[in-house]
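Visitor: Please take a close look at a single helix for me. I would like to know how it sits in the chain around it.

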Amino acid sequence: MTGPEHRPHAVALAYQAGDLAPRVVAKGSGHLAAEIIARAREAGVFVHESPELVALLMQVDLDDRIPPNLYIAVAELLAWLYRLEQGAGDEDTDTGHR
């Protein structure tokens with residue numbers, strides 16, 4: 001996820017079935033953010049741009065689960081991504097890219 005501020009930020013989340021909540025597995029600003037985004041794209045990982053969500057996720061410590069107040073926002077993002085990957089994504093709501 002990226003935020004288009006003066007100094008870009010990026011946060012990488014990981015979630016596996018059975019986890020209580022997604023975890024923040026990488027985050028950074030500037031050059032580090034660009035590296036996180038580049039590596040995600042190289043690996044075929046979805047990159048979503050949401051400055052508000054990134055700002056909130058930047059406050060979460062590395063390897064910590066996302067806080068309960070972000071569950072709905074992240075769940076909606078994951079559900080949208082799932083639909084997109086299944087070929088049922090609505091192109092009008094495509095705010096991210098691979």
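Guide: Read along the sequence, the protein chain runs β-β-β-α-β-α-α-β. That comes to three helices and five strands. Helices (H or I, at least four residues) and strands (E, at least two) are DSSP runs, numbered from the N terminus. This is a predicted model: local features need pLDDT of at least 70, side-chain atom pairs count only at pLDDT 80 or more, and totals for chains, interfaces and linings use all residues. Residues are numbered from 1 along each chain as its sequence is written, and side-chain values use heavy atoms, with hydrogens and water left out.

Take α1, residues 31-42. The helix has 12 residues. From first C-alpha to last, α1 reaches 16 Å, close to the 16 Å expected at 1.5 Å a residue. The expected span is 1.5 Å times one less than the number of residues.

Now the buried side. A33, I36, I37 and A40 are the buried residues of α1. Seen down the axis, they fall within an arc of 95°, so they line one face of the helix. The arc is that of the directions from the helix axis to the C-beta atoms. Buried means under 20% relative accessible area, exposed over 50%, partly exposed in between (1.4 Å probe, protein chains only). An α-helix has 3.6 residues a turn, so residues three or four places apart point the same way.

On the other side of α1, H31, R39 and E42 are exposed. R39 has 55% relative accessibility. R39 also forms a salt bridge with E35, with the closest N and O atoms 2.8 Å apart. The term means a side-chain nitrogen of Lys or Arg within 4 Å of a carboxyl oxygen of Asp or Glu. By this rule the count is one salt bridge. Both partners lie in α1, four residues apart, about one turn of the helix. E35 is partly exposed, at 32% relative accessible area. Side chains of opposite charge can pair when their charged atoms come close. Just after α1, G44 takes a positive phi of about 75°.

Next, the cores. A nonpolar core is a set of buried Ala, Val, Leu, Ile, Met, Phe, Trp, Tyr and Cys residues joined through side-chain atoms within 4.5 Å. The largest has 14 residues, and V11, F46, L53, L57, I66, L70 and L77 touch the most other members. Both α2 and α3 supply at least two residues of this core. Its largest share, four residues, comes from α3. Apart from it lies another core, of six residues, among them A10, A33, I37 and A40. A33, I37 and A40 are also among the buried residues of α1.

A10 gives one more reference point. Its C-alpha atom is 9.8 Å from that of S50, 40 residues away along the chain. S50 lies in the loop between β4 (47-48) and α2. At 14% relative accessibility, S50 counts as buried.

Compare D63, in the loop between α2 (51-57) and α3 (71-85). D63 is exposed, at 53% relative accessible area. Its phi is near 70°, a positive value in a residue other than glycine.

Finally, the whole chain. Buried residues make up 32% of its 98 residues. Among contacts (heavy atoms within 4.5 Å) between residues at least 6 apart in sequence, 58% join residues at least 24 apart.
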